[in-house]
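Please look over the sequence and the structure that follow.

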Amino acid sequence: MHADLFGTHANGAVLPLADGAAVLRGFALRDEAALLAALRAVTARAPPRRMLTPGGRRMSVWMSNCGELGWISDRHGYRYAPRDPLDDTPWPRMPASFLSLAARAAARAGFPGFLPDACLINRYEAGTRLSLHQDRDERDFAAPIVSVSLGLPALFLFGGMRRGDRPQRVALEHGDVVVWGGASRLRYHGVLPLQPGIHPALGACRVNLTLRKAG
């Protein structure tokens, strides 16, 4: 564990995690109203759901998508698809506020020109977690990952290139953005079980927007 990862959350601070990876403290706060309005519109059209793993278990995290492609999981495996399997319609369009924030955050972290075509929306409730994993269902790994935290605080796990590498524990708050790419693009990462609480903007949950170039 690295003690400095639990230090000040001064807005505008950049916390390096590894080569090509950093936390941008409070980077999304100035876009809060637009992001939350867009989030409500997207999830009204594509409601979050607990997807099945290939092994037949229900995930604890509630998920939805927007953009040209959406990440899905079922008994056939993990993959991206252009249509929502619930109603066979295209995923909602990527909101302009999501695209703008992702491009600016990626550029701030050293990855200019980022244009995501997929945004996975994860909703965490008390006790839910995301186990260590790699984002490797994309067509190539040249583009970074941009991850936006909204709502309740969480402990983000940022590991190494092997599942067994001991991860850093990073405290994330509403408005923080994590970017990782380049040499860190395939690092394992996850989220520890969410602690109960109430956030003034989102209530008893945390929402994470994970923006990727998938196609």
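In this predicted model, the largest nonpolar core has 30 residues, of which Leu17 and Phe156 touch the most other members. A nonpolar core here is a set of buried Ala, Val, Leu, Ile, Met, Phe, Trp, Tyr and Cys residues joined through side-chain atoms within 4.5 Å; buried means under 20% relative accessible area, exposed over 50%, and partly exposed in between, computed with a 1.4 Å probe on protein chains only. At least two residues of this core come from each of several strands, including E1 (14-18), E2 (21-24), E11 (154-158) and E12 (168-172). Another core, of 28 residues, lies apart from it and has Ala28, Met94, Ala102 and Leu211 among its members. In soluble globular proteins, nonpolar side chains tend to be buried together.

Residues are numbered from 1 along each chain as its sequence is written.

Helices (H or I, at least four residues) and strands (E, at least two) are DSSP runs numbered from the N terminus. Helix H1 (residues 32-45) has 14 residues and reaches 20 Å from its first C-alpha to its last, close to the 20 Å expected at 1.5 Å a residue, where the expected span is 1.5 Å times one less than the number of residues. Its residues Leu35, Leu36, Ala38, Leu39 and Val42 are buried, and because they cover an arc of only 165° around the axis, they lie on the same side of H1; the arc is that of the directions from the helix axis to the C-beta atoms. The face turned away from this buried side carries the exposed residues Ala33, Arg40, Ala44 and Arg45.

Among the elements that cover the buried residues of H1 are strand E3 (62-67), helix H2 (96-108) and strand E15 (205-212). Five of the six residues of E3 are buried, so this strand is largely enclosed by the rest of the structure. E3 pairs with E8 in the antiparallel sense over six bridges, pairing being assigned if DSSP finds at least two bridges between two strands.

Strand E15 contains Arg212, which counts as buried because its relative accessibility is 7%. The table gives two side-chain polar contacts of this residue, each a pair of N or O atoms within 3.5 Å, where within protein one must be able to donate a hydrogen and the other to accept it, and residues adjacent in sequence count only if both atoms are side-chain atoms.

| Side chains joined | Polar contact |
|---|---|
| Arg212 and Tyr80 | 3.0 Å |
| Arg212 and Asp135 | 3.2 Å |

Methods
This is a predicted model: local features need pLDDT of at least 70, side-chain atom pairs count only at pLDDT 80 or more; totals for chains, interfaces and linings use all residues. Side-chain values use heavy atoms; hydrogens and water are left out. Contact means heavy atoms within 4.5 Å.
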